[in-house]
Amino acid sequence: MKKNILVAGATGHLGVMICKSLVSQGAKVIALVRKESDAEKTKPLNQMGVELIEVDFNTISDIEKACEGVACVVSALAGLADVIVDTQKLLLDAAISAGVKRFIPSDFCTDYQPLKPGENRNFDLRRTFKSYIDEKDIQATSIFNGAFSDILKYNTPILNFKNKSIAYWGDKADWKLDFTTMENTAAFTAAVALQDESPRDLHIASFQISPKMLKESVKAISGQDFTLQKLSELDEFAANVKKQRTENPSGEQELYAKWQQAQYLYSMYTTQHPNLDNQKYGEIEWTSAEEYLKSFLK
């Protein structure tokens, strides 16, 4: 018998991929969508046979009804406190009221638990929700995937195409960074959602690569010799990020404010996944660093 899996945030890029992976792995997928959702965003879900249920995310009774008969709720919601904390709380409470046994929160990021509160605004929101869900009678599983590998295409200091440089901070030239493709994250999430039970925390990465290794890979693939560049000490980097945040208060209302992006880079160089759970649930074709870099380097 197919398991019923409910996905919130299903119209987002990751949400669509999770739905696709669930369908391919034999699940009956239910997607919660806002009543005002764009038809173009729901079209891919319709085409893959996902059941769409329109809800008012502020009305717990709507969500509770949609959760009836569901084995696991997967949250791929993205946003600030009103979404990551407030909406997820409503989603969780509705799931518990409907008798759902398992919940996967929207923790698709670097494992924030070893980090100090205040170092990353978006992580702090997830930390707040974690405190809430861990007091509830439901089995929660967070999936930490490091950074989505797409960040390597965005011309950040990690891989800067304009000045052909690869940056690091402190003594982290050999520090391995965790990257996971969205496809791999979705496939693993689907596999976890279909289990009867799973650990509280799971850590994955398609590949782990240091700045030095990245420099070597870029040269081997493209022939271009990027400069390996230390930008500052880590404490100086942290102080600069705090200064950016103080000087740009409007960024508090932006999901990806420039200082928030800098906070994420800082987190990547201060915590990592020492042990991976990649092989815990079935055979997933994990994308290697070479495969991923070849997809966009010339």
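In this predicted model, Asp 137 is placed in the loop that runs between helix 5 (121-133) and strand 6 (139-140). With a relative accessibility of 74%, Asp 137 counts as exposed, because the cut-off for that class is over 50%. The C-alpha atom of Asp 137 is separated by 8.4 Å from that of Lys 101, although these two residues are 36 residues apart along the chain.

The loop between helix 5 and strand 6 also holds Asp 134, whereas Arg 200 lies in the loop between helix 6 and strand 11 (201-203). Arg 200 and Asp 134 form a salt bridge in which the closest N and O atoms are 2.9 Å apart, so the pair ties together parts of the chain that are 66 residues apart in sequence. Both residues fall into the partly exposed class, Arg 200 at 23% relative accessibility and Asp 134 at 39%. The contact belongs to a network of salt bridges in which Lys 130, Asp 134, Arg 200 and Asp 201 are linked.

Across the whole structure, twelve salt bridges are found. Among them is the one between Glu 233 and Lys 230, whose closest N and O atoms are 2.6 Å apart; Glu 233 is partly exposed at 36% relative accessibility, and Lys 230 is likewise partly exposed at 38%. Another salt bridge joins the side chains of Glu 290 and Lys 294, with an N to O distance of 3.3 Å. Both of these residues lie in helix 10 (residues 289-294), where they are four residues apart, or about one turn of the helix. In general, an α-helix has 3.6 residues a turn, so residues three or four places apart point the same way. Glu 290 itself counts as partly exposed, with a relative accessibility of 47%.

Helix 6 (residues 182-193) has twelve residues, and at 1.5 Å a residue these should span 16 Å, a value that agrees with the 16 Å between the C-alpha atoms at its ends. The helix is mostly covered, since eleven of its twelve residues are buried, a class that requires a relative accessible area under 20%. The buried residues of helix 6 include Met 182, Asn 184, Thr 185, Phe 188 and Val 192, together with several alanines such as Ala 186 and Ala 187.

An open sheet is formed by three strands in the order 8-10-12, with mixed pairing. Strand 8 (147-148) and strand 12 (207-209) stand at the edges and have a single partner strand each, so one side of each is left without a neighbour in the sheet. Strands of a sheet pair through backbone hydrogen bonds, in either a parallel or an antiparallel sense. Between strand 8 and strand 10 (residues 177-180) the pairing is parallel and extends over two bridges, and the bridge partner of Ala 147 in strand 10 is Phe 179.

Most residues other than glycine have a negative phi. Asn 155, however, has a positive phi of about 60° although it is not a glycine, and for Lys 164, also a residue other than glycine, phi is positive and near 50°. Asn 155 is partly exposed, with a relative accessible area of 24%, and Lys 164 counts as partly exposed at 38% relative accessibility.

How values were computed: Residues are numbered from 1 along each chain as its sequence is written. This is a predicted model: local features need pLDDT of at least 70, side-chain atom pairs count only at pLDDT 80 or more; totals for chains, interfaces and linings use all residues. Side-chain values use heavy atoms; hydrogens and water are left out. The expected span of a helix is 1.5 Å times one less than its number of residues. Buried means under 20% relative accessible area, exposed over 50%, partly exposed in between (1.4 Å probe, protein chains only). Two strands pair if DSSP finds at least two bridges between them. A salt bridge is a side-chain nitrogen of Lys or Arg within 4 Å of a carboxyl oxygen of Asp or Glu.
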